[in-house]
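Start with the model itself, then work through the points by topic.

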Amino acid sequence: MYREIGRKIQKAREEAGLSQEELAARLGCTQAALSNYELGKRRLYLSQLERISQVLGKPITYFLETREHERDKPAHLLEDPLLLAILRGAAELSEEERRCVLAFIEFKRGYGR
Amino acid sequence: MIAFEPTPVQEEIRARVRNVARDVIAPLARELDAAPAPDPRRMPEVLAAHGLTCLLVPEEFGGPGYDNVTAALVLEEIAAACAGAASIVAATMHAMAPLLIAGTNAQRARYFPLPVRGGVAAFALSEPRAGSDAGALATSARPTEGGYILEGQKSFVFNAGVAGFYTVFATSDPRKGKAGINAYLVPGDARGLAVTEIHDKLGLRTSTTGELLLDRVFVAADGLIGHPGTGYLLLTQTLDWGRAFFGAIGVGLARAALEAALAHARQREQFGRPIIKHQEVSFLLADMAIRIDAARLLVWRACRLMDREEDFTAASSMAKLFASEAARYVCGNAILILGREGYVRRNAVEKYYRDAKALEIVEGTSQIQRMIIASQL
């Protein structure tokens, strides 16, 4: 979940035209800390997410309702060129090979929790 | 500044709790641990009578308002007398944490005085099919007129049956995944709430643990903690924070086992001298002491990071993981040093060993701690 929130923070920051340094300065944290939030490597505590939502002018739900929320309507995923490339590549694999890829994805998702 | 010593005020608090732990908690713990069906209310009553269930409750609500380092010092002292008693306190702290993080003033005014008045609370997260994977909760919270209807089952809830209130995690919309999870305040006497006590635990027998059945339990709208959709962040933040306190319990437990082993090693003679004079035993005791000190410093560091509102996730997991493994190591070796005397039910180290095993499971197994630490590297 933290990776998804991080991606949303990065998107909202870029939409606001702010660099990581600029947003970090407004939040009162280091650029390295913000970078780790955006990468989902560091867990956001609720007070920090509230502060980010205030500074970036987004409701807190914007960051929480992630793609997981949109699992049942995945069409938008194809807008991401990387995901599209993965899907195209997977389409050329055997069913067994696809299951291996899926197992790896599940492993990665579990590891990041 | 790096602080390796408690402040004079903390020393005073520690000395007071140490006396209560030795004179009141330890004798009761021995009695309850030996009972076939211990009364689950007795230990919470004793802890509350000495003001030990409300460690973090702010002064404005009648509590002592301890910081996290002081709370860890207190938990170590309680755990040195009985880890089960310390787990009662820790479970209450867990139930309070979401209120400390995101509770409204009205919620705090209603629920904070409870442990001050002598009650305990419970944190209800784990389910039959969701333990380590906290995101897979099945307990539902359906919106209804004026509030929510909670339905589901919670497993291995500390203080179940004696809690004045439960902080229950449930999902309001499974399609939203983790973003659908919320935390709800459920009074202990709520209609539709049923508790089944788990009997015959291996350790922590002085505390009670139970299964919680929520059969269409109504929670008023003001029972929701925090903004809708923030429950997953609340629960991970609470668990990250709480792990250091189970680390403090491990430190206290291990300390008690080392003290018992030391006393025995100084008194017991073999081959014409006390066994502590044999290098094989003294080196074992040295290794036990090193692990306890290292665990304590990890706990203090994590708590200090919390007090300074800095990132504490990895530090807290490291403290819990190291301290719980240290506790098992120290308690196991204490039995070894005591030999046949340590292997019987009447000896305290036997209880320590059983209690230590629980610390490697609760609040995330050792494997989960390693996953969290690795994800933060």
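A search over all chains of the whole structure finds 29 salt bridges. The model is predicted. One of these bridges pairs B:Arg205 with B:Asp33, with 3.9 Å between the closest N and O atoms.

- B:Arg205 sits in the loop between strand 6 (193-197) and strand 7 (209-220) of chain B, while B:Asp33 belongs to helix 1 (residues 8-34), so their bridge ties together parts that are 172 residues apart in sequence.
- B:Arg205 has a relative accessibility of 13%, and 13% is under the 20% cut-off, so B:Arg205 counts as buried.
- B:Asp33 is also buried, at 5% relative accessibility.
- B:Asp240 bridges to B:Arg243, and the closest N and O atoms are 2.8 Å apart.
- That pair stays within one element: B:Asp240 and B:Arg243 both lie in helix 7 of chain B, three residues apart, or about one turn of the helix.
- Both B:Asp240 and B:Arg243 are buried.
- B:Lys357 and B:Glu360 form another salt bridge, with their closest N and O atoms 2.8 Å apart.
- Are the two partners buried or partly exposed? B:Lys357 has a relative accessible area of 37%, which lies between the 20% and 50% cut-offs, so B:Lys357 is partly exposed. B:Glu360 is at 7% and counts as buried.
- One network of salt bridges with shared partners joins B:Arg18, B:Glu76, B:Glu77, B:Arg255, B:Glu259, B:Asp293 and B:Arg296.

**Interface of chain B and chain A**

- On the chain B side, 29 residues are in contact with 20 residues of chain A.
- The two chains bury about 2,300 Å² between them. Carbon and sulfur atoms carry 56% of that area.
- In chain B, the residues that lose the most area to chain A are B:Lys176, B:Lys178 and B:Leu233. Together they account for 24% of what that side buries.
- Two salt bridges cross the interface by the rule.
- B:Asp240 and A:Arg43 meet through their side chains in a salt bridge, at 2.8 Å from N to O.
- Nine residue pairs are in polar contact between chain B and chain A, both residues being at pLDDT 80 or more.
- Which elements of chain B give two or more residues to the side that touches chain A? They are helix 4 (83-102), helix 7 (231-267) and helix 11 (366-375).
- Helix 7 gives the most to that side, with seven residues.
- By class, the side of chain B that touches chain A has 12 nonpolar, nine polar and eight charged residues.

**Aromatic pairs**

- Over all chains, the whole structure holds eight aromatic pairs.
- A:Tyr45 and B:Phe312 are stacked, with 4.4 Å from centre to centre and 10° between the planes.
- This pair crosses between chains. A:Tyr45 comes from the loop between helix 3 (31-39) and helix 4 (46-56) of chain A. B:Phe312 comes from the loop between helix 8 (279-307) and helix 9 (313-338) of chain B.
- A:Tyr45 is buried, at 5% relative accessible area. B:Phe312 is buried too, at 6% relative accessibility.
- B:Phe61 and B:Phe112 have ring centres 5.2 Å apart and planes at 75°, so this pair is edge-to-face.
- B:Phe61 lies in the loop between helix 2 (42-49) and helix 3 (68-81) of chain B, and B:Phe112 in the loop between helix 5 (105-111) and helix 6 (113-116), so the pair ties together parts 51 residues apart in sequence.
- B:Phe61 and B:Phe112 are both buried.

**Chain A**

- Of the 113 residues in chain A, 32% are buried.
- Among the contacts in chain A with a separation of 6 or more, 56% are between residues 24 or more positions apart.

Key:
Residues are numbered from 1 along each chain as its sequence is written. Chains are lettered from A and ligands numbered from 1 in the order in which they are written. This is a predicted model: local features need pLDDT of at least 70, side-chain atom pairs count only at pLDDT 80 or more; totals for chains, interfaces and linings use all residues. Side-chain values use heavy atoms; hydrogens and water are left out. Contact means heavy atoms within 4.5 Å. Buried area is the accessible area (1.4 Å probe) that two parts lose on being put together, summed over both. A salt bridge is a side-chain nitrogen of Lys or Arg within 4 Å of a carboxyl oxygen of Asp or Glu. A polar contact is a pair of N or O atoms within 3.5 Å; within protein, one must be able to donate a hydrogen and the other to accept it, and residues adjacent in sequence count only if both atoms are side-chain atoms. Helices (H or I, at least four residues) and strands (E, at least two) are DSSP runs, numbered from the N terminus. Ala, Val, Leu, Ile, Met, Phe, Trp, Tyr, Cys and Pro count as nonpolar, Asp, Glu, Lys and Arg as charged, and the others, Gly among them, as polar. Rings of Phe, Tyr and Trp (its six-membered ring) pair if their centres lie within 6.5 Å; planes under 30 degrees apart count as stacked, over 60 as edge-to-face and the rest as tilted. Buried means under 20% relative accessible area, exposed over 50%, partly exposed in between (1.4 Å probe, protein chains only).
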